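Have the structure open while you go through them.

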Amino acid sequence: YSLTITVVTLLLVTSSLVQLVEGLPYHEAVYFVITTLATVGFGDISPKTPLGRLTVLCMIVAGAVAIPVQVAQLNTLLGDRNVTLGSVPKSKKEPVVIVNAKLK
């Protein structure tokens with residue numbers, strides 16, 4: 001969940017900052033932040049003021065650092081997860097047959 005929280009927080013905070021600094025409507029600020037963080041950057045919206053450029057620069061650096069760290073942590077968690085299917089008891093008397101079915 002930390003990856004989702006990181007991305008949503010970064011999106012909401014930077015969209016608010018871009019809206020405040022550049023005077024864009026909020027939906028355009030969100031669109032701008034998403035296209036910038038996704039490295040698409042269509043160029044139809046760009047920061048015009050020096051403070052806006054500094055804000056976007058900080059957003060890009062924060063996204064370039066925070067998102068890969070969170071993805072690496074998620075990858076580690078998924079890689080460390082042990083999947084156990086259980087154990088079959090060792091018996092010399094009779095063989096054990098395990099049957100699994102999904103009944104509706």
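1. What pattern does the protein chain follow, read along the sequence? It goes α-α-α, with 3 helices and 0 strands in the chain. Keep in mind that this is a predicted model.

2. On burial and surface: of the 104 residues in the protein chain, 20% are buried. The chain exposes about 8400 Å², and carbon and sulfur atoms supply 66% of that area.

3. Now the contacts. Taking those in the protein chain with a separation of 6 or more, 46% are between residues 24 or more positions apart.

4. The largest nonpolar core has 8 residues: V18, L24, A29, F32, V33, I45, V56 and M59. Two elements give two or more residues to this core, namely α2 (26–37) and α3 (50–80). The largest share, 3 residues, comes from α2.

5. M59 is one of the residues in that core. Setting aside neighbours within four places in sequence, M59 is in contact with T14, V33, T36 and L37. V33 is itself listed in the core.

6. L3 sits in helix α1, which spans residues 2–22.

7. L3 and A66 are 63 residues apart in sequence, yet their C-alpha atoms are 8.8 Å apart in space. Leaving out neighbours within four places in sequence, L3 is in contact with I67, Q70, V71 and L74.

Note on methods:
Residues numbered from 1 in each chain as written. Predicted model: local features only at pLDDT ≥ 70, side-chain atom pairs only at ≥ 80, totals over all residues. Heavy atoms only, no water. Helix = DSSP H or I, 4+ residues; strand = E, 2+ residues; numbered from the N terminus. Contact = heavy atoms within 4.5 Å. Buried < 20%, exposed > 50% of the residue type's maximum accessible area, 1.4 Å probe, protein only. Areas by Shrake-Rupley, 256 points an atom, 1.4 Å probe, with all protein chains shown as cover. Core = buried A, V, L, I, M, F, W, Y, C linked by side-chain atoms within 4.5 Å.
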